[in-house]
Every structure is written in C-alpha cells, then in structure tokens.
Amino acid sequence: MSTPDTTPEITSSGRMIRTLALVTTVCGALIVAAWQLSLPAIEANKKLVLERGVKSLIPNASDIVEYDADSSGIRRAHGDPAANAVRFYAAYDNKGQLQAIAAEGAARGYADVVRVLYGYRPSCECIFGIKVVQMRETPGIGDKVITDANFVANFNELDVRLSDDMKTLANAVRTVKHGSKRYGWDIDAIAGATITSKAVGRGINDSVQKLLPLLVPHLKELEQGAAQ
Amino acid sequence: MSIELRTAPHLHVGRDVPTIMRHVVYALLPICAFSIWQYGLSAIALIVTVTLSCLAAERIANRLSGTVNTLSDWSATITGLLLALTLPPAFPLWMGAVAGFSAVWLGKSLFGGLGHNPFNPALVGRAFVQAAFPTAITTWAPAFAAQRFTEFIPSTLTLPFMVPNDISAWVAAATVDGFTGATPLARWKFEHFVYPVEDMITGAAGASSGETSALLLLLCGLYLIVRKFMDWRIPVAVIGSAMVMAWAFQLYDAEAFPPMHLALLSGGLMLGALFMATDMATSPVTPKAIWIYGALIGVLTIIIRYFGGLTEGVMYAILIGNAAAPLLDKYLQPKVFGAKPK
Amino acid sequence: MTTNTKQPTNMEQFLEGIWKQNPVFVMVLGMCPTLAVTVSAFNALGMGVATTFVLVFSCALISLLRKQIPKEVRIATYIVIIATFVTLVDYIIQAVSLALYDALGAFIQLIVVNCIILGRAEAHAAKNPPLSASLNALGMGIGFTIGLLALGSVREILGAGKLFDISLFGANFQPWVVMVLPPGGFFVLGGWLLFFAWLAKRKEARHGK
C-alpha cells in the first residue's frame, strides 16, 4: 500500500508519548464538547420520560419535583443520587397540593432487571398503582404483569404501612402463589409467570423498605415543598 | 437395539434401518389410534398434518442438498408421528406444520440427515414451537368430548399465522366433568392437586395427544423390546432413575413434592423414555454409557419438573441427554478382551 | 486485503464492505451486537448507524494521523480514538431517543470492542489516505447496517408481526416468541448465512460451466 514499513526502526519513547498526548488531547476535547452540547437535550429527554411515567400514574400531577432522601432528611435532587440516598418524585397538582409520591423499584426477573415505577399515597399509606419502566421478559408470558388485569389490580391499594418504630414496613410486601392472596400486602402472582411477578414484588418491597422510613417523617416538609 | 462391538464372525440378522423403523411405526399406530379415539377429528388432522409436513420437509431437503430420496426409510414418518403425539390435541394445524418443518430441517437435515443428527428431531421440533408459541402449546383440550367426532376443536382450524381461536366455548360444550385446562403436572405445581391414578392410566387427564395413557405406551414399548428393536436398558434406566428421584423427594418432604405415581404416569415420561430417548442415532452405544445416559435423563426430568419454571421436563432432559451421548460413549468404551490396561 | 498490484478505485473500496466483504454475512464479524440488538428493525438500524458513524470518523482520523502514529503504540491510539467516537455516539443517542438508548443498552459502549472497527483501522485506514479510508469505512458500515437490518426485519416480522413498528398482519397475528429471544437471533443468522452460502455455491457452479 502507500507507506510500506521497510526499515523497522525503534521509535523513541519521546515520540510515542508526544503522539499519545496529542491524540488524547484531541479526543478529550471532542468528548467535552459533545457532552456540553448534548447535555441539555439529554436532560430534557430524561425529564420528559420521567414526567410521562409519573403522569401515567398520577394523572393530575402538574408539577413533578425530584427529591433525594437519606438519613439526614430530604432535599431537592441534583444530578445522580448519592450511594445511600433514595430518589423519589413528589407530584403536586396545579394548586400546589401534594398529590402522591412516585419512586422506582428494580429487581432481577427472568431475563433481565425489571424496573417499575410505583405511586405511593401518604393518606392511605398504600401503593395505588405501578408502571413497568423497563423489562425484557418473555413476550406472552412475563409481560402479563402489564396486561393481566387481575395482577394489575393487586396494586390498586397495596398496604405498605410502616411499623410503629417507623424503621420497617409493618408487613413486608410479598408475592404469593396464584390464588393464595390473603392480606392487603400480598401480591397475587400470575400462574405461569411467577418469576416476573416475584421480581415486581421484590423490586417494590426493596424500594419501599428503604424509602418510606426516610420519607414519612418528612412528609410535612413535602406538603409545603411546592410553595418554596 | 444394542450395537455391541464384536469381532468376527459377523452374522447378518436380516435387519436394516427401514425394517426397524417400520416396526417402530407399527408400535406407534395403536397410540395414534387411542389419541384419535380420545380427541376425535382434531387428533386425526394434527397427526396427518404434522407427518405430512415432516415428509415434505425431508423431500425438500433431499432436493436442495442433491442427495437420494430418503422418504422410504420411514424415519421422517416416525419423527412426524412422535412429534404429533407430543403436541396438545388442540394445537393449531399451521403451528403443527411449523413444528414438522423445524423438526426435520433444524433437527436432522442441517446435520446431514438420518444418523448424523445429534438431537432427536421430533423433540427439536417440539422445543422450537414451545419457544415460539408458549401459550398455544400449553392450551389443553378435554378428552372424550361428546362432539369430538362431529366437529374440530376450534383452535385446530386457525388460519395460518393467526392467534389460535378461543376454545373455551367448545370446552364448555364438551361437558367433561372436572376439566380445568391443565395437565396433572401443572395442577400439582399450581394447586397441589393429586390426579387419580386410574385417570392417568386410562387417559382421561388433560395432556398432549399421545401421552395420556401410560399403560398403552408401556405395552407398545414392550412390543419393540420383545422384538429386540429397542434397547430395554434405556427406558429402564430413565424410568427407574425418575422413580428413585421421585421417591427420594417424597421421603424428604411428602407435603412439598408430588407422590411418585404422579411423577411416573403423568406427562411425557413414558412416551419420552420408550420412544424418544431410545432413538438410535442420538443415544449412546456402549453399555455403561447407556445406563448413565438413561439415568441422566430420568434425574433431569424430575429436577426440571420440581424446581424449574416449566411443569414438564422430559423434552429438555432428553435433549440434554442427547447432547451428552457422544461424550459418554467416548469415555466409557468397553474394555477390549485381552487388551492390557494402560 | 488484496495484494493486487493494481490500485482499487475509490468506488471499489466503497463497495467492498457492502457485498464482497460484507462484515456480517461474509466475514462474520461483530456477531455480539448482531445477535443481541436485532430484535426489531428499528434497533438494528440504530445500531447500524451508530457503528457506521464510529467507523467512518475513527477511520478518517486514524488515516489522517497514520504517518504520525508510531507502530508500537498504534493499537492504543486506535482504541483511544474509537472510544472517543463511541462516547460521542453514546451522548448523541441519549439526546435523540432514550427509548433507543435503553433498547441498545450496553451494546452502544461495546461498539468500542467491535472487531469490524479495529479491523478496518488496522487493515485499511492505517495504510490509505483519508478519502479512501472513509469511503471504505462507510461501505463497511453500510454493509453492517444491511446485515443487521436483514436480521432485525425477519425477527420483527415473525416475532411481532410488525416492521419498523408498523403492524403488517393485523391484530390477530400470532407472534413467534422465540424470534425476539436470543435463540431467534441464532436461527435467523444461520438462515441468512445458509442463504448466502447457497448463493455463492450456485454462482461458483455457474462459473464452472
């Protein structure tokens, strides 16, 4: 081809370092520029997806505020949540009244992680709806967690009361065998799609167990939150 | 049929592949007849469609690869019959045809035809439609429905590529007491319901077309064993190991695990052990390997049934056994007489 | 690469990747994204375009710098350059469509290790001027996209009864679930490879006569 290497010479390390430095500088500049340019669009996209999800759960939400909760309290979210913080979304109607809280739970299903967004209403201390954000379960089997009316009905009023010491749930949310739901905190699994049903239940339970003890003591602040 | 490695003199027993295969077909015919008596027109249509599509697939594969016509060795016919017997009686015919073509093409032709296939073609076909149409393949119709000889089960005549027609009205009109649309294994798994033994011997339980009557399957298998067309060690190893496993689990916890008769008589264990695990091209030939192969299938069947997401495990157990067969043969060669151990 | 004394024209360089050296069907390279993301035609197209973008720009840049890059550190340099463009693509896809970003998942970042790109950089871009290198990379990218689309459309048609999310057979179509599961990728890829092998054999037989 055009530049055959006929003389195998040893390149000086200075030249190698110079070349690598040049290439990495150019590449670094390119990446920074791309990040700067795409950031607003990415943020807007994420916001849009989030709002669409939350609004499908809480139709009269007009203002959605992202919060992080950790052991020191709750605060408005900036960037990615810290390791020990739990992200949640407070939904306010157009009069600034707190409507409900939404948060995300995730657990491993049959094929991949199942991510669900759930709505929590403080007045009934219950979950009143879920929306599957992402999953790759077997079509026709695993995706019944979205389409099966009986399964979806589990989340019309799923009991997630805290115990008296406010540290855990009074009753952990659990997924039970199809047809054996007895309590308000049981999720009736879909026959034939037990693994996915359990993933949904586990994802919600893990998230609620972490979030509610941090969140419930600060509900008052949230109710005033929109005014701030 | 056992192939023992011997030195001369070789006596020809007058048996070749088509003869053996023909006798397997004879042994399958009573099972088909019983299936037709149970499920009527739909069973006839399913058996005919699946078998014809297997034959068509074989013929097309012969044409494309430019090899001789292999229809007359009966192996495609057996694949078709066996495949039809493992499908639910209400299975739409077009899906049956898909199963037939994938059985012969994916399971046999691509590997070079009869004798070169590592997996049992009928099971490859079933595995394909199990993965492709998981709902249709677990939709069961009741046996001995009153109108079975006058009309088809509605889902049988589904238009190609369309969702199967709803059969609930037909099932309701069939007036079969206690039919729940689930197999004995599924009813155990989800409801802890123990099917009566006599129902599973006479074929009154919901199941695939050809797996309902354990007794008939045993008789037909026995014919092949007596005529020495089949290696008795394989079904004995499969059923025996499944029995031991089921017994052990029952001993460990009688509440959590189903009774032994359910494990033995329900599902495709008999059909698989007698007619599929014994497929000569896909089972090992050395004596030790045969025993281990059979035991592997029996043990896997029970493990998949009890701990897997599926209710039935015979199909995958046999396919895994098929995959292990060459390895077993390789490491379990019998000692040659007079040879010194290395 | 051919060792012909005759220099291939730019057009030949461009066409090479589309047919004669098609990365999916002839060279069987980049199988990881080929099998993983082709559950739908849209995902396949997205992946194909993303890979083409990385391929063209990194090959162009490598070709520009080919005389400056010392051969001892060339692989490191290529990887840095390729990784840069993959990062750009990652941001661009997030900005364009989060749905596509979620569907492609880790396979966007994994474009870095797609052997088609490193292979092109080493085999072609490092030895040819920028125009020819970019054209060749573009051809390869288009060939890869065609390969992905061939898999993606078959899998989407059988697996969902749709093409580019447009329903083809009405609501009553029975999806072949296996086609959108991983085994479906292998079946369809095998089918296409069989088809192309058959074409090649037939062509050979004709030339023989």
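1. Crossing of two helices in chain B. In this predicted model, H10(B) crosses H12(B) in a right-handed sense. H10 of chain B covers residues 233-252, and H12 of chain B covers residues 269-276. Their axes lie 8 Å apart, and the packing angle is about 155 degrees. Because angles over 145 degrees count as roughly antiparallel, H10(B) is roughly antiparallel to H12(B).

2. Residues at that crossing. From H10(B), the contact takes B:Pro235, B:Val238, B:Ile239 and B:Ala242. Facing them in H12(B) are B:Leu269, B:Ala273 and B:Leu274. By residue class, the contact of H10(B) with H12(B) has seven nonpolar residues, with no polar and no charged ones.

3. Chain A against chain C. Here 26 residues of chain A are in contact with 27 residues of chain C. Which helix gives the largest share of the chain A side? That is helix H1 of chain A, residues 13-57, which supplies 17 residues.

4. Chain C against chain B. Nine residues of chain C and eight residues of chain B make up this contact.

Notes
Residues are numbered from 1 along each chain as its sequence is written. Chains are lettered from A and ligands numbered from 1 in the order in which they are written. This is a predicted model: local features need pLDDT of at least 70, side-chain atom pairs count only at pLDDT 80 or more; totals for chains, interfaces and linings use all residues. Two residues are in contact if their C-beta atoms, placed from the backbone, lie within 7 Å. Helices (H or I, at least four residues) and strands (E, at least two) are DSSP runs, numbered from the N terminus. Axes are lines fitted to C-alpha atoms, for helices over the stretch in contact, and angles run from 0 to 180 degrees between N-to-C directions. Angles under 35 degrees count as roughly parallel, over 145 as roughly antiparallel, 65 to 115 as roughly perpendicular and the rest as oblique. A crossing is left-handed if the near helix is turned anticlockwise from the far one by less than a right angle, and right-handed if clockwise. Ala, Val, Leu, Ile, Met, Phe, Trp, Tyr, Cys and Pro count as nonpolar, Asp, Glu, Lys and Arg as charged, and the others, Gly among them, as polar.
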